[in-house]
Amino acid sequence: MTLLDLVIFLPLAAFLLILFLPKEHVDGIRRFSLVASLAIFVASLGLIGPYWFGNPGKYVFETDLPWVNSPAIRYHVAIDGISLWLVLLTTLLTPLCVLVSWKSVQKRVKEFFAFLLLLEFGLIGVFCAFDLFLFFVFWEVSLVPMYFLIGVWGHERRIYAAVKFFVYTMAGSMLMLVGITYLYNQAGTFDYAKIMAGLQNGSIAPTYQEQLWLFLAFFIAFAIKVPLFPLHTWLPDAHVEAPTAGSVMLASVMLKMGTYGLLRFCVPMFPVAARNCSGWIVTLAIIGIIYGALVAMVQPNMKKLVAYSSVSHLGFVVLGIFSFTQQGFDGAVYQMLNHGVSTGALFIMVGFLYDRRHSLEIDAYGGVATPLPKLATVFMITMLASIGLPMLNNFVGEFLVLQGTALVNFWWASFAAIGVILSACYMLWLYQRVFFGKASAEVSLLKDLDLREYAISVPLIILMVWMGTFTQSFIPSISTSTAVILGPVDAKRDVHVHNALPASLHAQQSALAKEPVDAR
Amino acid sequence: MPANFAPTAIDYLRILPEILMIITGTLIMVLEPLIGGNKRNAFSSVTLVGFIAALVAAVAANDYPGLSFSNMLIVDGFATYFRVLVIGVGIFTVLSSAQYLRREHAASAEYYALLLFSVAGQCVMATANELIMIFIGLEISSIATYILAGYLRDDKRNNEAALKYFLLGSFATAFLLYGIAWIYGTTGSTNLGEIRSFLMNGGGARNLTLAGTAAALMFVGFAFKVSAAPFQIWAPDVYQGAPAPVTLFMSAGPKAAAFAVFMRVFIVAFGPITNRWEPFVWSSALLTMVIGNFAALLQTNIKRLMAYSSIAHAGYVMVAIAAHNQVGVAAAMFYLAAYAFMNIGAFAVITHFSRQGEKYVNVEDLAGLGWKQPVTAALFSIFLLSLIGVPLTGGFFGKFYIFKAALDANLVWLSILGLLNSAVAAYYYLRILVVMYMHEPGESTLTLEPLSPGIRTTLWAAALGTLILGIFPSLLLNFAANSSSLGK
């Protein structure tokens, strides 16, 4: 049993324990959830070890045990440089979500925290599963708690949003299940590493037609989750209606399941199909970037605004992935993390405002900076991070994506860059309308951040600055792993690339990019 | 070859479960007039003992596999599997019925006797190796079930259900019998193995056409019993009208037994003419899934909703039969067990909730159950999630094996359409979850009494079964896979 198994199963254990706590002891349940989720976070920090202090191989913390013997389903988990950070993002945000919900969730407290921990279990599992079937199991398991979080603790139209969310995702998942099973019938295994090896050495050789269909089966499932325009319509509903913690987990982590799936499975397994489809996928991503930003601009509801900004930001991630360049891949992964931190923070702060004023309408605010200077400050930093101000996290990701895209097609990058400009427009305008101006009578009575809320905001602010300045803490481990994925994808482009080793990485990249990669 | 009419001891051992159940049933009927009115609760205990003895006998008989009674019966893994399954359904039905019958002032011996006879008939179906035995088993099971459907004879809906079930059922059985006559006329035999070898050796195009027609006629009979489209019309009315515990029974037991003979006849006897029957099983499977799932979307009565859900699930099993390979048979076997668990659980909750006169059987009535009786609602949620096909439940693995078998048989479109259907299905199961957890409790929920011991046992056992099949499917799947060859 490795540390990773511990990190995966601790949330499940905590979930089961909560079920046995008496439901009257709401404070005990809150404290227990906080301690448990913090313990999981601390344990997960140990996963960084090999990446910062050691010399990791392709995958670390690998466990491979049989689960079902026929068909051969295995409990095969491991992490690489991509999974590592997504797992950490999950384990970091869960305790923050516990804190966020400390006061705002007053009814059915026990069930709320139980579902939150079950959600953490599913999400961590998704990012670590290296068996396609196991991946699917975790993928579906994470769906159920989120459905309840939205449906029970959400706002007015919560039920509609919850059902829409569930059915949309389910439809996609079913296509993916057909794809996974079809692949199994060809390969005789669900194991990701074996399938990848088989596809590369030709022992598994689906025809091009089959590859295309398989690619689409996986792609639609992931595109719904991302969500890629025009499959995004469930997202604004789910985000707006979910309770703050639900919005945070949904935006910060669950959407990454889609982009992670694209990067881990869709693109490397079916590189030829992915390349052939990249034209229209990139087009959809760019439409999403611009459309999301434009729609965000006209929203009267703060949560809806942030939700549409997610559509826009996630478009960058898809764009980076389908540029098939090292920079694009690195930027996409980095942008997944950035979006997780900064959009998560935005949802949390909108939640702070909602807790005070009980309204999500921008019109209900104005002049908030006067009575709440501290909130105004942290909101400002988060907003600037979201816009992509240099020295803050999003800038790095967006830059890498745009650079990677520009190497392939300069026009794609130019159109996508419009999204960056628009993001400044809608964010600054939001900030201006909410925080500046004259405070109304109701607003001027509001209280500023307390200690709990500080404890939630400060770690995120630190991360934004850290990720914007000391990128070396993150990027090398990401690059090592994205290069492994890029290898076979590039091989299919008749560009000769050796299976990437960390040492030869930079030389290889600059050969590819024909320019020094100084962004990192 | 002269048949040997002197059965051996092993022959009796092989049919011991049926003997035990018939004896218990008869005994109860005889004893009823002799026992005072206040001791009638004892009948359920006696029935339980009878079922458990039969269960033990069925398991023991598995150690003596082979043909008996002049090749009329066969005991093999497949037969044992279905015998255990239907007897298990019988046990759960008894556990869920006691409180219901007391509530309706209808506790009597014949209910339990009919239940025992019906299950005995299903066991005969599971072990039958020739068409006449299949017909006899089917009739024993069906006639008992017709009466059970109308058991509360003062209730209008019960009468309607029984009458519909009986009339349409007789009609369907006539088709089956006609098919049997055709096949006897064509091949000169009613033994499944002999029919198979006759068809294997060709016998000319005319004979194959005749056999194909016979297969179509018998398909009508079986499709009716498993409520597959286009012969599913009776199911919603009967499921809705029949007493809730009887619906629990009908949706799991007779259906599993009917699928058992369906598979035995079509895979063994009609195996050589697969190309003739595969298209109509294929289209019936698709039609069944679509009709079941889409009609269920519109239902407000939960029994009717579950009836359509049961139709849809029959469609999934039909997909496995359409795959007509060994994996498909194993998948169908596994699925029927998983389906029995989750469906029994769901109907046990409905039985518990319905109250006297089945006053509360609308989906809306369940409002707030999640907060009034959290354990009941949580167990119900497990069954519903399993019906949707969420991983870590038996329903998911069952569905997965079925569609894997279909993909093995290159039924790609059927798989895609079937799985998309289950995304549609998610909607109406979720509606029940929505009502239970996201609506405020109303009068129907607030007046709910605690679970009766029998239903509590059923719920926990069914939930445990659903989860075990979802987390360790190998336990059952290995057995199913080993007995899915059907001794071809």
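Guide: A crossing of two helices is called left-handed if the near helix is turned anticlockwise from the far one by less than a right angle, and right-handed if clockwise. The model to which this term is applied here is a predicted one.

Visitor: Which hand does the crossing of H15(A) and H16(A) have?

Guide: H15 of chain A covers residues 326-357 and H16 of chain A covers residues 373-387; their axes lie 9 Å apart at an angle of about 150°. Angles over 145 degrees count as roughly antiparallel, and H15(A) is therefore roughly antiparallel to H16(A). The hand of their crossing is left-handed.

Visitor: How many nonpolar, polar and charged residues form the contact of H15(A) with H16(A)?

Guide: From H15(A) come Ser342(A), Thr343(A), Ala345(A), Leu346(A), Met349(A) and Phe352(A), which meet residues of H16(A) including Leu375(A), Phe379(A) and Thr382(A). Divided by class, the residues of this contact are eight nonpolar, four polar and no charged.

Visitor: Why may chain A be described as being as compact as a globular protein of its length?

Guide: Chain A comprises 22 helices and two strands. Its C-alpha atoms fill a box of roughly 70 × 55 × 45 Å along the principal axes, and 59% of its 520 residues count as buried. The globule rule gives 24 Å for 520 residues, and chain A is as compact as a globular protein of that length because its radius of gyration is close to that value, at 22 Å.

Visitor: What share of the contacts in chain A with a separation of 6 or more joins residues 24 or more positions apart?

Guide: A contact here requires C-beta atoms within 7 Å. Among the contacts in chain A with a separation of 6 or more, the share from residues 24 or more positions apart is 79%.

Visitor: Which element gives the most to the side of chain B that touches chain A?

Guide: In this interface, 24 residues of chain B are in contact with 24 residues of chain A. On the side of chain B, the elements giving two or more residues are H17, H18 (412-438) and H21 (474-482). That side divides into 19 nonpolar, three polar and two charged residues. With twelve residues, the element that gives the most is H18(B).

Visitor: At roughly what angle do the axes of H13(B) and H17(B) cross?

Guide: Tyr316(B), Val319(B) and Ala320(B) of H13(B) meet residues of H17(B), among them Lys399(B), Ile402(B) and Phe403(B). The crossing is left-handed. The axes come within 8 Å, and the angle is roughly 35°.

Notes:
Residues are numbered from 1 along each chain as its sequence is written. Chains are lettered from A and ligands numbered from 1 in the order in which they are written. This is a predicted model: local features need pLDDT of at least 70, side-chain atom pairs count only at pLDDT 80 or more; totals for chains, interfaces and linings use all residues. Axes are lines fitted to C-alpha atoms, for helices over the stretch in contact, and angles run from 0 to 180 degrees between N-to-C directions. Helices (H or I, at least four residues) and strands (E, at least two) are DSSP runs, numbered from the N terminus. Two residues are in contact if their C-beta atoms, placed from the backbone, lie within 7 Å. The radius of gyration is taken over C-alpha atoms; the globule rule is 2.2 Å times the number of residues to the power 0.38. A residue is buried if 20 or more other C-beta atoms lie within 10 Å of its own, exposed if 12 or fewer, and partly exposed in between; C-beta atoms are placed from the backbone. Angles under 35 degrees count as roughly parallel, over 145 as roughly antiparallel, 65 to 115 as roughly perpendicular and the rest as oblique. Ala, Val, Leu, Ile, Met, Phe, Trp, Tyr, Cys and Pro count as nonpolar, Asp, Glu, Lys and Arg as charged, and the others, Gly among them, as polar.
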